[in-house]
Amino acid sequence: MTLALWITAVLLTVVYVMAGGIKVVRSKAQLQPMMPWVEDFTEPQVTVIGALGLLGALGVILPLATGIVPVFTPIAAIGLVLLQIGAITVHVRRGERSSLGVNVFLLVLAAAVAILGLLA
């Protein structure tokens with residue numbers, strides 16, 4: 001079970017560091033061609049969404065890697081589940097159904113980390 005937790009946590013962290021990092025460092029105009037949903041949000045809101053993803057990624061992996069307050073791993077994963085629920089809501093509202101597969105995959109991955117983290 002520990003191996004499954006590590007694999008899912010690392011995968012989740014890599015995805016969120018990349019996706020969150022892009023949202024933090026790039027402008028809304030730069031993101032628009034690959035992420036059309038950003039037009040519904042202000043630039044600071046997009047940056048906050050990216051920062052939440054980065055913080056969630058760090059919250060998933062650091063407690064697991066250091067053994068310091070390991071209960072933060074499932075808590076951070078639950079935060080990422082909530083972030084994905086928000087993303088799914090935005091994509092459904094905008095009619096962007098092609099994006100839902102990735103969002104559902106990330107939601108399931110984050111939920112798996114949360115459950116495995118609680119059981120570990």
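Ala 9 is buried, its relative accessible area being 0%; here buried denotes under 20% relative accessible area, exposed over 50%, and partly exposed the range in between (1.4 Å probe, protein chains only). The structure is a predicted model, in which local features need pLDDT of at least 70 and side-chain atom pairs count only at pLDDT 80 or more, whereas totals for chains, interfaces and linings use all residues. Residues are numbered from 1 along each chain as its sequence is written, and side-chain values use heavy atoms, with hydrogens and water left out.

Ala 9 is located in helix H1 (residues 2-25), where helices are DSSP runs (H or I, at least four residues) numbered from the N terminus. When neighbours within four places in sequence are set aside, Ala 9 is in contact with Val 60, Ile 61, Leu 64 and Val 113, contact meaning heavy atoms within 4.5 Å. A separation of 7.9 Å is found between the C-alpha atoms of Ala 9 and Ala 110, which are 101 residues apart along the chain.

Thr 73, in helix H4 (residues 72-94), is likewise buried, with a relative accessible area of 2%. Apart from neighbours within four places in sequence, the contacts of Thr 73 are Gly 59, Val 60, Pro 63, Leu 64 and Val 113. Val 60, Leu 64 and Val 113 are among the contacts listed for Ala 9 and are also among those of Thr 73.

Leu 58 belongs to helix H3 (residues 43-66) and is partly exposed, at a relative accessible area of 41%.

Key: Helix = DSSP H or I, 4+ residues; strand = E, 2+ residues; numbered from the N terminus.
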